[in-house]
Amino acid sequence: MAGLLLQVGRCGGTFSLSSLAFSSSAHVKGSSPGVRVSVSEQKDVEKQRSGSRCHVVQVSASLQSMMSDMSRKAPKGLFPPEPEAYKGPKLKVAIIGAGLAGMSTAVELLEQGHEVDIYELRKFIGGKAGSFKDKNGNHIEMGLHVFFGCYNNLFRLLAKVGADNNLLLKDHTHTFINKGGDVGELDFRFLVGAPLHGMKAFIATNQLEPFDKVANAVALATSPVVRALVDPEGAMRDILDLDKVSFSVWFISHGGTRVSIKRMWDPIAYALGFIDCDKISARCMLTIFSFFATKTEASVLRMLNGSPDERLNGPIAKYIKENGGRFHLRWGCREVLYDRTSEGKTYVTGLVMTKATEKQIVKADAYVAACDVPGIHRLLPKPWREWEFFDNIYKLLGVPVVTVQLRFNGWVTEMQDLEASRQLQRAVGLDNLLYSADADFSCFADLALTSPEDYFKEGEGSLIQAVLTPGDPYMPLSNEQVVKNVHEQVLRLFPSANELEMTWSSVVKIGQSLYREAPGMDLFRPDQKTPVSNFFLSGSYTKQDYIDSMEGATLSGRQTSARINEVGPFLHDLRHKVAKTKSEASPGSATDELTFV
């Protein structure tokens, strides 16, 4: 979830193909998974509902309502004020990695008048929130992407680039699918808002038994979440102090039960960080809970109306290009070159970039590594581990995750109307993110319903996208076995779908995705400004008040831009001073262009 950031490892220059494996296959002869049909216009369309069952896949979307204002009565670090206009010299910035963090950084820098080049090893952008098309035109995602109502930084970015209408608002409920088709809910819809809407949701939920609900209430009532109602900054400090213990340890010590963890909190923990409550930091879980308790719309879910490539990353890339930014795809960074000033300060002198058999050196005023954890591990020069700042980064580890897509010839999540579930003229079923405590995939959705513009196909049915967490047991399995296991579990959750045929599937295995937000790990998250004078970091794993997520990645980009602007004059002078020194030593060798040298 982490934005449901169920994600892929990436670093513009250090992506290893071995860390991601993908396959897709058709299961019925004559099926045509490449057909794409757009079912509607996006605006001013009516949605017919019965509970969460959706009979028409269209829905209007807007960020003008059902969105929390994180600039008020919230920790200040979550949504920084708009930056002041930069008044220093124009900088040339090279960014390694075209994920959300790298693109967020680029947008901020371009708006301050800087020159920006982004380098990405892969042929597509988006990083952990990326997607691509296979040879048959199917959109393959790195994970399941869900947007909470408190994602102010990401919504701000989408509004800038004109993509704010690409999100579809879902019912304000969190739905659990249990084996046999039993449905549990946390229904936040209520006459009044936070915190009463949350209290109502937990009191009324049918996912837990009465005793567990009472124990749940006791635990949450004695948490920093309560302080967040009157003192958000103080509550955030209390939550950060709880990073040293797991959520299970904290929850049970405050009266919570194991049943609550298994039936409700584990699926949510898996969705947030790909690890269970025994392994995830209390900080991670309580950060989210504090937003849910204090902001009525924070728990509202949105999903893209189509694929990330078309509806999220594409508009951001277009905006970057229109404002003078440049993308260099399939260029990977093989080495960071560096030197020391006469005062002994380390600085980067250039990046060794390769594309197939080509090899070039890139020079800039500032260098940004917008990588994920495995990417930054590969990128950093080994001698830099002498600094505790960089050595701490190696204590952060990624979590494996497997994303599976299954296409059917009917509607899997439609359990009330068997006849409707067998027709293919209109989409029916549960139009929302779905959790499960009874499957190896903690969260899943029918993309043909939730994101119809690119996933609804005329003449075909559900496209179930499921995220296997933890992914460790599935990494060594063949893709065929992975598909078989997931298919069987889907049918156990939806017995009414037993007669449907699976017509196509895809599997994406990611060796390291989100960083493992285990107890004690927050201490090792690095600041965006590093001990190397002109070298900066951006990424959701870096120090910011949110968790590793799409929102965290976007926020980190804003912070990276701010760090660069703070030292803009110094960076400009440093490069020119170094260029002058080298020019005097080797006349005719210096250059002042952000081009390949």
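This is a predicted model: local features need pLDDT of at least 70, side-chain atom pairs count only at pLDDT 80 or more; totals for chains, interfaces and linings use all residues.
Tutor: Residues are numbered from 1 along each chain as its sequence is written, and side-chain values use heavy atoms, with hydrogens and water left out.

Student: How do you know how confident the predictor is in the protein chain?
Tutor: Check pLDDT, the predictor's confidence in each residue, from 0 to 100. The chain's mean is 88, and 87% of its residues reach 70 or more.

Student: Over which residues does pLDDT stay under 50?
Tutor: Residues 1-19 are one such stretch, and the model has 113 contacts for them beyond four places in sequence. Residues 28-60 stay under 50 as well, with 83 contacts beyond four places in sequence. Contact here means heavy atoms within 4.5 Å.

Student: On to helices. What makes H1 and H10 "roughly parallel"?
Tutor: Helices are DSSP runs of H or I, at least four residues, while strands are runs of E, at least two, and both are numbered from the N terminus. Axes are lines fitted to C-alpha atoms, for helices over the stretch in contact, and angles run from 0 to 180 degrees between N-to-C directions. H1 (residues 100-111) and H10 (residues 308-322) have axes that come within 10 Å and cross at roughly 30 degrees. Angles under 35 degrees count as roughly parallel, over 145 as roughly antiparallel, 65 to 115 as roughly perpendicular and the rest as oblique. So H1 and H10 get the roughly parallel label.

Student: Which residues of H1 and H10 make the contact?
Tutor: H1 brings Leu 100, Met 103, Ala 106, Val 107, Leu 110 and Glu 111, and H10 brings Asn 313, Ile 316, Ala 317, Tyr 319 and Ile 320. By class, that's nine nonpolar, one polar and one charged. The class list goes like this: Ala, Val, Leu, Ile, Met, Phe, Trp, Tyr, Cys and Pro are nonpolar, Asp, Glu, Lys and Arg are charged, and the others, Gly among them, are polar.

Student: Is the crossing of H1 and H10 left-handed or right-handed?
Tutor: The crossing of H1 and H10 is left-handed. That term means the near helix is turned anticlockwise from the far one by less than a right angle, with clockwise giving right-handed. H6 (residues 232-241) passes H9 (residues 282-294) in a right-handed crossing.

Student: What makes H3 roughly antiparallel to H4?
Tutor: The axes of H3 (residues 196-204) and H4 (residues 210-221) come within 9 Å and cross at roughly 150 degrees, and therefore H3 is roughly antiparallel to H4. Phe 202, Ile 203 and Ala 204 in H3 touch Lys 213, Asn 216 and Leu 220 in H4.

Student: Why are S8 and S9 called edge strands?
Tutor: They belong to an open three-stranded sheet ordered S8-S12-S9, with antiparallel pairing. Strand S8 (146-148) and strand S9 (167-169) are edges because each pairs on one side only, where pairing takes at least two DSSP bridges between two strands. S8 has three bridges to S12 (residues 301-304), and Phe 148 stands opposite Leu 301 in S12. H2 (residues 152-161) lies across S8, S9 and S12, at about 110 degrees to S8.

Student: How do you know that S17 and S23 pair?
Tutor: Three bridges join S17 (residues 366-369) to S23, running parallel. Val 368 has Phe 536 of S23 as its bridge partner. Their sheet is open and five-stranded, in the order S13-S5-S4-S17-S23.

Student: What makes the bond from Ala 194 to Pro 195 cis?
Tutor: Its omega is near 0 degrees. Pro 195 sits in the loop between S11 (182-187) and H3. The bond from Thr 469 to Pro 470 is cis too, with omega near -5 degrees.

Student: What is the phi of Arg 330?
Tutor: Arg 330 has a positive phi of about 65 degrees, though it isn't a glycine. Most residues other than glycine have a negative phi, and most peptide bonds are trans.
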